[in-house]
Amino acid sequence: MNNTIEKENGIISVCGLKKAYGKHDVLKGVDFSVAKGQIFSLLGSNGAGKTTVVKILSTLLEFNAGAISICGYDLIKEPNKIRDCISLTGQYAAVDEMLTGRENMHLVARFRHLKDYKSKVTELLEMFELDKAADRLVKKYSGGMRRKVDLAMSLLGDPQIIFLDEPTTGLDPQSRLSLWKTIKDLKNKGTTIFLTTQYLEEAERLSDIVAVLDNGVIVSSGTPQELKMALKNIDGQEYEKDMPTLEDVFLSIINKKGEGKNE
């Protein structure tokens with residue numbers, strides 16, 4: 001299994017990232033690089049530090065050591081420039097239920113000091129298939145529709161990078177599939193996606209590159225196919241369709257293979 005990440009000048013470059021809460025070291029020297037236009041998925045067990053990484057990269061949380069470059073800007077020296085080229089969608093939809101979908105979009109556009117934003121809002125509502133519900137109160141939206149509004153709001157201002165922290169948590173299968181399609185469409189338009197997820201199938205379907213965070217460091221990375229082939233070559237076990245899944249890879253990497261599987 002590949003335990004190193006090739007250092008390259010990506011749109012996101014992280015070297016030696018460390019973060020501690022008191023005496024508890026969460027990140028112990030994280031290194032990775034994300035190329036422009038990629039979908040990069042960060043995997044890890046609960047508490048591994050995935051959301052901490054997202055908060056640091058999106059300038060919401062200070063870190064103890066390391067060097068971070070995003071869109072060519074140094075995170076410590078030029079955080080405001082980084083904020084101008086990124087957007088963040090957290091684990092829960094950050095929408096105002098007492099406003100309509102369109103009003104939520106207009107509010108965010110004004111916060112971002114965008115000019116002539118109404119046509120862009122209409123374009124995004126159509127892109128996310130929300131145009132027919134745009135003037136209904138968000139409190140009447142389904143969970144999947146709220147997620148779409150949240151993601152649509154994050155695209156106002158045409159960010160180069162979108163951070164998606166477990167974006168499909170709590171969604172029904174149909175809404176999850178719809179959001180997957182939206183994420184792929186964004187990638188096809190050239191947007192860089194930084195994704196954290198608890199769903200291994202999600203990472204396998206969407207990702208160009210997968211990195212596994214364990215015990216404060218990146219312990220393995222590569223394309224889903226590379227990681228699966230690496231496990232198959234060293235494991236020697238029989239797998240369905242003669243190929244391990246990304247779940248098999250993940251469990252093997254964190255030394256918990258076989259846990260949580262049905263007998």
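User: Leaving aside neighbours within four places in sequence, which residues is methionine 105 in contact with?

Analyst: In this predicted model, methionine 105 is in contact with Val121, Leu124, Leu125, Val149, Ala152, Met153 and Leu156.

User: What makes these count as contacts?

Analyst: The cut-off is heavy atoms within 4.5 Å.

User: Why is the contact between glutamate 129 and lysine 148 called a salt bridge?

Analyst: The rule asks for a side-chain nitrogen of Lys or Arg within 4 Å of a carboxyl oxygen of Asp or Glu. For glutamate 129 and lysine 148 the closest N and O atoms are 3.9 Å apart, which is within 4 Å, so the pair qualifies. The partners are 19 residues apart: glutamate 129 is in the loop between helix H4 (118-127) and helix H5 (143-154), and lysine 148 is in helix H5.

User: What separates lysine 181 and aspartate 185 along helix H6, and what makes the pair a salt bridge?

Analyst: Lysine 181 and aspartate 185 are 4 residues apart in helix H6 (residues 173-188), about one helical turn. Their closest N and O atoms are 3.0 Å apart, which is within 4 Å, so the pair is a salt bridge. Lysine 181 counts as exposed at 52% relative accessibility, and aspartate 185 as partly exposed at 28%.

User: Why does the salt bridge between aspartate 208 and lysine 187 tie together parts apart in sequence?

Analyst: The N to O distance in this salt bridge is 2.6 Å. Aspartate 208 lies in the loop between helix H7 (200-206) and strand S9 (209-214) and lysine 187 lies in helix H6, so the pair ties together parts 21 residues apart in sequence. At 25% relative accessibility aspartate 208 is partly exposed, and at 24% so is lysine 187.

User: How many salt bridges are there, and which residues are linked in a network?

Analyst: The count comes to 11 salt bridges. Lys120, Glu123 and Asp158 are linked in a network of them.

User: How do you know that strands S1 and S2 pair?

Analyst: Pairing needs at least two bridges. Strand S1 (residues 12-21) and strand S2 (residues 24-34) have 8 in the antiparallel sense, so the two strands pair. Leucine 17 has valine 30 as its bridge partner in S2. The strands form a hairpin with 2 residues between them, and glycine 22 in the turn has a positive phi of about 65 degrees.

User: What is the mean pLDDT of the chain, and where does pLDDT stay under 50?

Analyst: The mean is 86, and 88% of residues reach 70 or more. Values stay under 50 over residues 1-7, with 21 contacts beyond four places in sequence, and over residues 257-263, with 10 such contacts.

Note on methods: Residues numbered from 1 in each chain as written. Predicted model: local features only at pLDDT ≥ 70, side-chain atom pairs only at ≥ 80, totals over all residues. Heavy atoms only, no water. Buried < 20%, exposed > 50% of the residue type's maximum accessible area, 1.4 Å probe, protein only. pLDDT = per-residue confidence, 0-100.
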